[in-house]
Amino acid sequence: MRVLEKAPAKINLSLDVLRKRQDGFHEVRMIMTTIDLADRVELVDISPNEIRIVSHNRFVPDDQRNLAYQAAKLLKDRFNIERGVSISITKTIPVAAGLAGGSSDAAATLRGLNKLWKLGLTLDDLAKLGAEIGSDVSFCVYGGTALATGRGEMIQQIDPPPHCWVVLAKPTIGVSTADVYRNLNLQTVQHPDVDGMVNALHNNHYEKICSLMGNVLEDVTLRMHPEVANIKEQMKRFGADAVLMSGSGPTVFGLVQYESRLPRVYNGLRGFCDQVFAVRMLGERNILD
Ligand code: ATP
């Protein structure tokens, strides 16, 4: 048997870090929303009792370091599954980009294996299991739009953003999330208004959403990699309504309300970055059910 799952990326419309916890994780409050940029995860039964990863992408590990492998291993161990599976991952989401690509592949693997192995688990069950793999996996199990708290694994669904386009530009630099958090000084940062953003989404107020976009990690990454600031500048210059870095970066995204403006932003950025995408928001509830 064969199961296909879409594994979409997320962006952070708002990302705040409250404090470092005793367990080493950071306490966050962030608003994540799904976008229509997705990897494809294909799960196929194989006869040897093993987990096989096929990805054809040199940046993606094909062993137990792969988050999709960890998702399959977790389900196999927890439910005593003695069956083999081949997990083919066709990557479209840039790797190590702040778009939760690996987490979404893991979430898609959880959803897909739940079907392939007829485990009968709910999305809530899968999200709880996902949190054992990584903080962003829980959100990726549901997709949609959510306020994520705790270390990012506590998910409360909220209203989606209004329909608009998202242009994404990923510079060819690698950003280590651990380095960004290490250089974050919580005494001096400007905290974004996360609750204001929840309200703006509730009121479907596009301009307010644009004006409240904020990410506490952005200044840290911008200091480490000034080229990210340059991309932000260019995206604004070419006409995006609002521009922000996603997660710990380095991907920068811009919102564009009118399709007529899209080619200018997209083509303008193509001159600066090799990985540029123009996609729709996909923030409605139950998009992956
Ligand atoms: P986040 O936004 O959750 O911080 P990210 O988008 O910055 O994540 P990923 O694309 O998930 O980062 O990749 C981070 C690292 O995880 C990569 O360097 C890669 O070695 C490893 N990795 C493990 N599994 C995967 C996967 N399925 N796809 C991509 N990278 C993976």
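Guide: Before we start, a residue is near a molecule if one of its heavy atoms lies within 4 Å of it. This is a predicted model, where local features need pLDDT of at least 70, side-chain atom pairs count only at pLDDT 80 or more, and totals for chains, interfaces and linings use all residues. Residues are numbered from 1 along each chain as its sequence is written, and side-chain values use heavy atoms, leaving out hydrogens and water.

Visitor: How many residues surround the ligand?

Guide: Ala96, Gly98, Ala100, Gly102 and Asp136 are the closest ones. Helix H2 (residues 101-116; a DSSP run of H or I, at least four residues) gives the most to that shell, with 4 residues.

Visitor: Which residue has a polar backbone atom 2.9 Å from an oxygen atom of the ligand?

Guide: Take the side chains out of the running: lysine 91 puts a polar side-chain atom 2.9 Å from a nitrogen atom of the ligand, and aspartate 105 also has a polar side-chain atom 2.9 Å from a ligand nitrogen. The backbone atom facing the ligand oxygen belongs to glycine 98.

Visitor: And serine 246, is that buried or exposed?

Guide: Serine 246 lies in the loop between strand S9 (242-245) and strand S10 (252-256), strands being DSSP runs of E, at least two residues. Its side chain reaches the backbone oxygen of glycine 98 at 3.0 Å. The relative accessible area of serine 246 is 0%, and under 20% counts as buried, over 50% as exposed, partly exposed in between (1.4 Å probe, protein chains only). So serine 246 is buried.

Terms used:
Polar contact = N/O pair within 3.5 Å; in protein donor to acceptor, adjacent residues only side chain to side chain.
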